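I opened my notebook to look up charged pairs and strands. These are my entries, in the order I made them.

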Amino acid sequence: QVQLVESGGGLVQAGDSLRLSCAASGGTFNDYDFAWFRQAPGKEREFVAAIRWSGWNTYNTYYGKSLRGRFAINRNNAKNTVSLEMNILKVEDTAVYYCAADLDRRGDYSLSATYDCWGQGTQVTVSA
């Protein structure tokens, strides 16, 4: 069973940057694809970013609406970690951010149902 642990959340001001990290344990990290989702109070879980294997040691990245250019997802196969770099943060980015793993590399990368394992989440709060 793959376990995911997020870290790096906190309280920041609008315009600041924040870097989230997701540490994976169990299973074979290199065989899995990963994503970040977020959920704000009273709202549905929202796709943020995904990094998907596309062939020999290469990956494609995908982003939720309006997030490309401000957010960047990356993975470190040597450290079994996935990161989410968030820049120019806005108040509307406030949410609990979740790391997710797709163990069979199938399905729509933007749908939460595609992912088999989830972390416990880390809170990101952006103040005006």
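**Entry 1: Arg70 and Asp93.** I looked up Arg70 and found a salt bridge to Asp93, with the closest N and O atoms 2.8 Å apart. The model I am reading is a predicted one. Where do the two residues lie? Arg70 is in the loop between strand 6 (58-63) and strand 7 (71-76), and Asp93 is in the loop between strand 8 and strand 9, so the pair ties together parts that are 23 residues apart in sequence.

Entry 2: Which other residue does Asp93 form a salt bridge with? The partner is Arg38, and the closest N and O atoms are 2.9 Å apart. Asp93 sits in the loop between strand 8 (81-86) and strand 9 (95-102), while Arg38 belongs to strand 4 (residues 33-39), so this pair ties together parts that are 55 residues apart in sequence. I checked Arg38 for burial and noted 8% relative accessibility, which counts as buried.

Side chains of opposite charge can pair when their charged atoms come close.

**Entry 3: Arg52 and Asp102.** Next I looked up a salt bridge between the side chains of Arg52 and Asp102, at 2.8 Å from N to O. Arg52 is in strand 5 (residues 46-55) and Asp102 is in strand 9. They are 50 residues apart, and the pair links distant parts of the chain. Both residues are buried.

**Entry 4: the count.** How many salt bridges are there? The count comes to 8.

**Entry 5: strand 5.** I moved on to the strand that holds Arg52. Is strand 5 mostly covered or mostly open? I noted that 7 of its 10 residues are buried, so to speak a mostly covered strand. I looked at its partners next. Strand 4 and strand 5 pair in the antiparallel sense over 5 bridges. In this pairing, Ala35 stands opposite Ala50 in strand 5. The hairpin of strand 4 and strand 5 has 6 residues between the strands. There Gly42 takes a positive phi near 80 degrees.

Strand 5 also pairs with strand 6, in the antiparallel sense, over 6 bridges. Trp53 stands opposite Tyr59 in strand 6. I looked up the hairpin of strand 5 and strand 6 as well, and it has 2 residues between the strands. In that hairpin Asn57 takes a positive phi near 55 degrees.

Entry 6: Which order do the strands of the open sheet follow? The sheet has 4 strands in the order 1-3-8-7, and the pairing is antiparallel. Strand 1 (3-7) and strand 7 stand at the edges, each with a single partner strand, so one side of each is left without a neighbour in the sheet. From one strand to the next, the twist averages 15 degrees.

Last, I checked strand 1 against strand 3. They run antiparallel, and 5 bridges join strand 1 to strand 3 (residues 18-25). One pair I wrote down is Ser7 with its bridge partner Ser21 in strand 3.

Methods:
Residues are numbered from 1 along each chain as its sequence is written. This is a predicted model: local features need pLDDT of at least 70, side-chain atom pairs count only at pLDDT 80 or more; totals for chains, interfaces and linings use all residues. Side-chain values use heavy atoms; hydrogens and water are left out. A salt bridge is a side-chain nitrogen of Lys or Arg within 4 Å of a carboxyl oxygen of Asp or Glu. Buried means under 20% relative accessible area, exposed over 50%, partly exposed in between (1.4 Å probe, protein chains only). Two strands pair if DSSP finds at least two bridges between them. Axes are lines fitted to C-alpha atoms, for helices over the stretch in contact, and angles run from 0 to 180 degrees between N-to-C directions.
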